[in-house]
Amino acid sequence: MRTGQKTALVLGGGGARGAYEAGVLSYLRDELEPELGRTLPLDIFVGTSVGALHACYLAATNDRPELQGAGIRAHWTGMKVEEVLRVGMGDFLRVLREAFGKPAPHPRDIQYGGLVDPRGLRAIVGRGIPWPGIGRNVRKGHVEALAVSTTHVSSGRATVFVQRHGGGVPSWGDDPFYQAEATRVGPTHALASAAIPVVFPAVRLRGELHVDGGLRLNVPLSPALRLGAQRVIVVSLRHDARPSSPPAVSPSQAFAAAPLLAGKMLATLMMDRTDQDLGRLRRLNTLIEAGTAAYGKDFARTLGAALGGHRSQPLRYVRELLVRPSQDLGVLAAEYVRTPGFRSKGQGLAHKTILRMVDQEGTRSAVLASYLLFDGGFADRLIDLGRRDARALRSEWLRFWSEEPQNLSERATWYPEANAA
């Protein structure tokens, strides 16, 4: 029996680390669904940075879910560093001209700044996602909503671009640093969300420059809830949100190794707040469940009405599932780059730069390199890890996808006729 509950897939940012998300989706579509003998419906797709690219791909192909796992894997395993990170002397000269007084970008220029020639990423985004499928699937109801987050350059606010069945956006609250805009999501929105600062150019949307959404909203759980999700699958690209012990690096190494500092700065800028956001959601779920047990099935509705001026969506219990790496992806990147296979792949500037980064970042981790290592061999390792980590949560997947209410508050919300007076 279908409950009609809307399920959201929330995908975080992390550059080349995003291959891990492909592994999680591969488990869902290619292993769990055949085991259960049914398609598991994903209604809302919300993504930041590389997660935005995945969200767009999934929304565009959601009428053919059986092909999504293999399709997204194929995109990653075919990647080459030199195709994505195109850097030449002309790019350095362009950056210098922009830094020392080049006129502001022409209004018709969609990209501005960045060390990397954007044509490689633009080509991948253009050919890898069947863009007309997004509008078609939204109109036909195969997708309830697609949301892509960016960071508005001049104000620093998070902007969430929403394409939704029926159009418009729901009530979004009054936070001036966090807004939503209804739009037809296209390649420029995805490129803007994935524009890692300094590395990739900022992208012009509606006359304003935007960059990577991960600077403000790296794991966009909030938009999924605002769009009405009653079940959320969250995929984070950080193996443990708690601060870890720093690697043993001498002071002279730390000051000399620019990649080490750049990697730490990038990780700090794209802070993963998954634990805090899920912690608030879980506390609210506990409150709703306890209140329902103490005061009856109308507790959530009554409390929601009392808080009406402070909430943009009805108060409700939200079932959630978190998948995150069981290993440090920076460590995996360092191990992979040091293999003879990667070292022999090419002699281009991007390839040499990544090798140099790993040599300088230390023996334990290659944080910056893990964001930039758009390489099919590295993607294979992350996809395999994503599948294994998702498979290890099999019992939680079965709980998540159960069509039966698991507590009093869900019973009151999902099957209100069973609680009718």
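A residue is called buried when its relative accessible area is under 20%, and exposed when that value is over 50%. The model discussed here is a predicted one.

By this criterion, Ser49 is buried, because its relative accessible area is 1%. Ser49 is located in the loop that connects β2 (44-48) with α2. Asp212, in turn, belongs to strand β8, which covers residues 208-212. With a relative accessibility of 0%, Asp212 is likewise classed as buried, because the limit for that class is 20%.

The nonpolar interior may be considered next. In soluble globular proteins, nonpolar side chains tend to be buried together. Here the largest nonpolar core comprises 87 residues, of which Trp76, Leu85, Phe200 and Trp397 touch the most other members. The greatest contribution to this core comes from helix α2 (residues 50-60), which supplies nine residues. A further core of 24 residues lies apart from the largest one and includes Leu217, Val219, Val234 and Leu281.

The surroundings of Trp397 can be described in detail. Leaving aside residues up to four places away in sequence, Trp397 is in contact with Val24, Tyr27, Leu28 and Leu32, as well as with Ile233, Leu321, Val323 and Ala390.

Note on methods: Residues are numbered from 1 along each chain as its sequence is written. This is a predicted model: local features need pLDDT of at least 70, side-chain atom pairs count only at pLDDT 80 or more; totals for chains, interfaces and linings use all residues. Side-chain values use heavy atoms; hydrogens and water are left out. A nonpolar core is a set of buried Ala, Val, Leu, Ile, Met, Phe, Trp, Tyr and Cys residues joined through side-chain atoms within 4.5 Å. Buried means under 20% relative accessible area, exposed over 50%, partly exposed in between (1.4 Å probe, protein chains only). Helices (H or I, at least four residues) and strands (E, at least two) are DSSP runs, numbered from the N terminus. Contact means heavy atoms within 4.5 Å.
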